[in-house]
Amino acid sequence: MRSPDARPAVRVWRPRRTRIVAYTMAGVIVFGMIVLAVVVAPQFQLADRVLLVVFGLFLGWLLHMFARCRVEADEHGLTVVNAFRTRRLTWPEILRVTMGEGDPWPTLDLSDGTSLSAMGINGAEKTRAARHLAELRTLLARHEPPDH
């Protein structure tokens, strides 16, 4: 029997390199814009300097949105967190997972006839992506209805 505090197992896939590059660049950009706002020519007004920092923060936010991408699997289905959209899918909604050679990320073919990109598995990380894709396919096969 499971204890009341026990949580169901959740498997999370997220790209490593993308996160490192995005957060490093976000830090460099925000820091650079702050420094630029301080040392910019005197004819720049306070509003101009504030806008430089705000622009840097906006770029940092954009990079964060790409770095947050992930795919989470639990006993009920998948949560696909892409840059600007999160979608919860139950296992029966997912028909198959495909990822061709050179594709940036896998595509989930859904029972409603649509497809969904899963940006949390990054094709640029070839070995890691292949391992994550195999794990996802194994989970999908495990949750496939018995009549298939």
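Visitor: Which residues does Asn 82 touch, not counting those up to four places away in sequence?

Guide: Contact means heavy atoms within 4.5 Å. By that rule, Asn 82 touches Met 65, Arg 68, Cys 69, Leu 116, Ser 117, Ala 118, Met 119 and Gly 120. Keep in mind that this is a predicted model, where local features need pLDDT of at least 70, side-chain atom pairs count only at pLDDT 80 or more, and totals for chains, interfaces and linings use all residues. Residues are numbered from 1 along each chain as its sequence is written, and side-chain values use heavy atoms, with hydrogens and water left out.

Visitor: Is Asn 82 buried or exposed?

Guide: Buried means under 20% relative accessible area, exposed over 50%, partly exposed in between (1.4 Å probe, protein chains only). Asn 82 has 10% relative accessibility, so it counts as buried.

Visitor: What does the side chain of Asn 82 reach?

Guide: The backbone nitrogen of Met 119, at 2.9 Å.

Visitor: Now the sheet. How do strands pair?

Guide: Through backbone hydrogen bonds, either parallel or antiparallel. Here, two strands pair if DSSP finds at least two bridges between them; strands are DSSP runs (E, at least two residues), numbered from the N terminus. This open sheet has three strands in the order S5-S6-S7, paired antiparallel.

Visitor: Which strands stand at the edges?

Guide: S5 (94-98) and S7 (115-117); each has a single partner strand, so one side of each is left without a neighbour in the sheet.

Visitor: How many bridges join S5 to S6?

Guide: Four, with S6 covering residues 107-110. Val 97 stands opposite Leu 108 in S6.

How values were computed
A polar contact is a pair of N or O atoms within 3.5 Å; within protein, one must be able to donate a hydrogen and the other to accept it, and residues adjacent in sequence count only if both atoms are side-chain atoms.
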